[in-house]
Amino acid sequence: MAKKIVILGGGVIGLATAWGCVKDGHDVTVIDRRKQLRDGCSFGNAGMLVPSHFIPLAAPGMIRLGLKWMWSRESPFAIRPRLSFDLISWLWKFRQASTQKQVDLNSPLLRDLNLAGRQAFLELEHEIPDGFELVKRGLVMLCATHEGLEEEVEVAELANELGVPATVMNPGELADLDPGIRMGVLGGVHFPLDCHLSPNRMMSSLEKHLEQQGVNFCWETSCDQFRSERGRALSRVNAVATSQGDIAGDEFVICGGAWSNLMAGQLGMNLPLQAGKGYSLTLDQPRQLPNVCSILKEARVAVTPMGSTLRFGGTMEIVGHDESISTSRLRGIVRSIPDYFPDFEESDFVGCNPWVGLRPCSPDGLPYVGRSQKHENLLIATGHGMMGISLSMITGKLIADAIEQRASGIDGLDRISPSRYA
Ligand SMILES: Cc1cc2nc3c(=O)[nH]c(=O)nc-3n(C[C@H](O)[C@H](O)[C@H](O)COP(=O)(O)OP(=O)(O)OC[C@H]3O[C@@H](n4cnc5c(N)ncnc54)[C@H](O)[C@@H]3O)c2cc1C
């Protein structure tokens, strides 16, 4: 039976959820407080689909690395210390999740979700063939140090054991793989199943496609409160109170990115989430244009060719919902590039407009996808951290499956339940 589905948030996860639900014949409304011509986290990111990212951010060694990096203003990671119960509790949960046992449990699930996410993108590409290009040439992790290369060789072994193909390459093999750019690295690992796309283009094509399918968009409309009532066992949401009046529905899906915890909190749900600020810089006329996207291992910088332009993205700053731009962090990104691509110079970036986005980060590095256990008609889709593009389309399908009470065929979904920290 067709239902009225109200999706709160019009980033990539909100649009993907609309995509999943409209296919089932539902009447779908997407609400976002930003203008239609928005530029949030789902736009200026690196646009990579990453089956290679089966190790969650919360992993052994991350706390040590984070503490080391905290003292540098140009490092790729930072936490602004502040007296916040939410931050302290999130850090504690991050520490608890950063064990080998948790990584071993969560890696197969991340692999399955990312592979299913890639498959779902192939479906979307088929549906809107002129909408965006999904470039299927893989991703290379480029290593400038022996230590970095040793670590990546270990990840490649693990990847192959998990069924994610990975090939260790020397500098000559890397040059053959991508003659488009000169590399000054010791070696790297090629993950052939990874893909890339231009998120700006994909987002506008998907939005247009959804409009054609009858999805209703309410821009510049903020979701301020919920109208809910207590049932015998579970509560029920009747409407969301917005800046444009109440919007009623049968099912409500919170897709508010880094602000989702504030929305869920209004309904008494504990959704541990921190905003992870990142930046990108896009060169319109780069000196050289690689064919394959890459991650500069030690610098933690993602490099993606998008048409004739080249985007560099990086940094993870846990600084609350602050969207200001730190020039020292940007300098950190720019300074690292010639270590990997020696023909590039810092001066190439003079006059290049920086972009900033807030990633929704859960403490265990897994998204929150599924039904709330407190409200019978509330679902959550957020917390995708560094993988929101990669996991977007499978998230849309999982939410649609939950609404239809359909089996999804992916094992271990209880580990991405939004109630796991309840
Ligand atoms: C530098 C960088 C590089 C990245 N690279 C990649 C990559 O290569 N691959 C990948 O998979 N991921 C990448 N990511 C992560 C990815 O961009 C995010 O995970 C993803 O965009 C999150 O999407 P979202 O829809 O959850 O959030 P958002 O895009 O932030 O959307 C949430 C929306 O909710 C709206 N909203 C919030 N509160 C309210 C309210 N109260 N009322 C109305 N509207 C509200 C907001 O206005 C916003 O539009 C990167 C991120 C960064 C910062």
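The legends below describe close-up views of a predicted model.

Figure 1. The domain assignment divides the protein into domain 1 (4-42 + 202-272 + 364-416) and domain 2 (49-196 + 274-361). Their centres, taken over C-alpha atoms, are separated by 26 Å. Domain 1 contributes 38 residues to the contact, and domain 2 contributes 37 residues. The size of an interface is often given as the accessible area lost when the parts come together. Between domain 1 and domain 2 this buried area is about 3300 Å², and carbon and sulfur atoms give 69% of it. On the side of domain 1, Cys 41, Met 386 and Ser 390 lose the most area to domain 2, and together they account for 16% of what that side buries.

Figure 2. Between the two domains, 13 residue pairs are in polar contact. Helix H1 (12-23), helix H7 (199-212) and helix H10 (392-404) are the elements that each give two or more residues to the side of domain 1 that touches domain 2. H10 provides the largest share of that side, 5 residues. By residue type, the side of domain 1 that touches domain 2 comprises 19 nonpolar, 12 polar and 7 charged residues. The interface of the two domains also holds 4 salt bridges.

**Figure 3. The salt bridge of Asp 24 and Arg 406.** Side chains of opposite charge can pair when their charged atoms come close. In the salt bridge between Asp 24 and Arg 406, the closest N and O atoms are 3.0 Å apart. This pair links distant parts of the chain: Asp 24 belongs to the loop between H1 and strand E2 (27-31), while Arg 406 belongs to the segment after H10, 382 residues apart. Asp 24 is partly exposed, with a relative accessible area of 26%, and Arg 406 is likewise partly exposed, with a value of 36%.

Figure 4. Arg 34 forms a salt bridge with Glu 323, with 3.7 Å between the closest N and O atoms. Arg 34 is partly exposed at 27% relative accessible area, and Glu 323 is partly exposed at 35%. Asp 322 forms a salt bridge with Lys 277, the closest N and O atoms being 3.7 Å apart. Here Asp 322 lies in the loop between E17 and H9 and Lys 277 in strand E14 (residues 274-283), 45 residues apart. Lys 277 counts as buried because its relative accessibility is 1%, which is under 20%.

**Figure 5. The surroundings of Ser 98.** Ser 98 is located in the loop between helix H3 (85-97) and helix H4 (100-127). Its relative accessibility is 11%, so Ser 98 counts as buried. A polar atom of the Ser 98 side chain lies 2.7 Å from the backbone oxygen of Phe 94. Apart from neighbours within four places in sequence, Ser 98 is in contact with Ala 58, Ala 59, Pro 60 and Ile 63.

**Figure 6. The position of Gly 61.** Gly 61 occupies the loop between strand E3 (48-49) and helix H2 (62-69). Gly 61 is partly exposed, with a relative accessible area of 31%. Gly 61 and Gln 119 are 58 residues apart in sequence, and their C-alpha atoms are 32 Å apart in space.

Note on methods:
Residues are numbered from 1 along each chain as its sequence is written. This is a predicted model: local features need pLDDT of at least 70, side-chain atom pairs count only at pLDDT 80 or more; totals for chains, interfaces and linings use all residues. Side-chain values use heavy atoms; hydrogens and water are left out. Domain bounds come from an automatic or database domain assignment. Contact means heavy atoms within 4.5 Å. Buried area is the accessible area (1.4 Å probe) that two parts lose on being put together, summed over both. A salt bridge is a side-chain nitrogen of Lys or Arg within 4 Å of a carboxyl oxygen of Asp or Glu. A polar contact is a pair of N or O atoms within 3.5 Å; within protein, one must be able to donate a hydrogen and the other to accept it, and residues adjacent in sequence count only if both atoms are side-chain atoms. Helices (H or I, at least four residues) and strands (E, at least two) are DSSP runs, numbered from the N terminus. Ala, Val, Leu, Ile, Met, Phe, Trp, Tyr, Cys and Pro count as nonpolar, Asp, Glu, Lys and Arg as charged, and the others, Gly among them, as polar. Buried means under 20% relative accessible area, exposed over 50%, partly exposed in between (1.4 Å probe, protein chains only).
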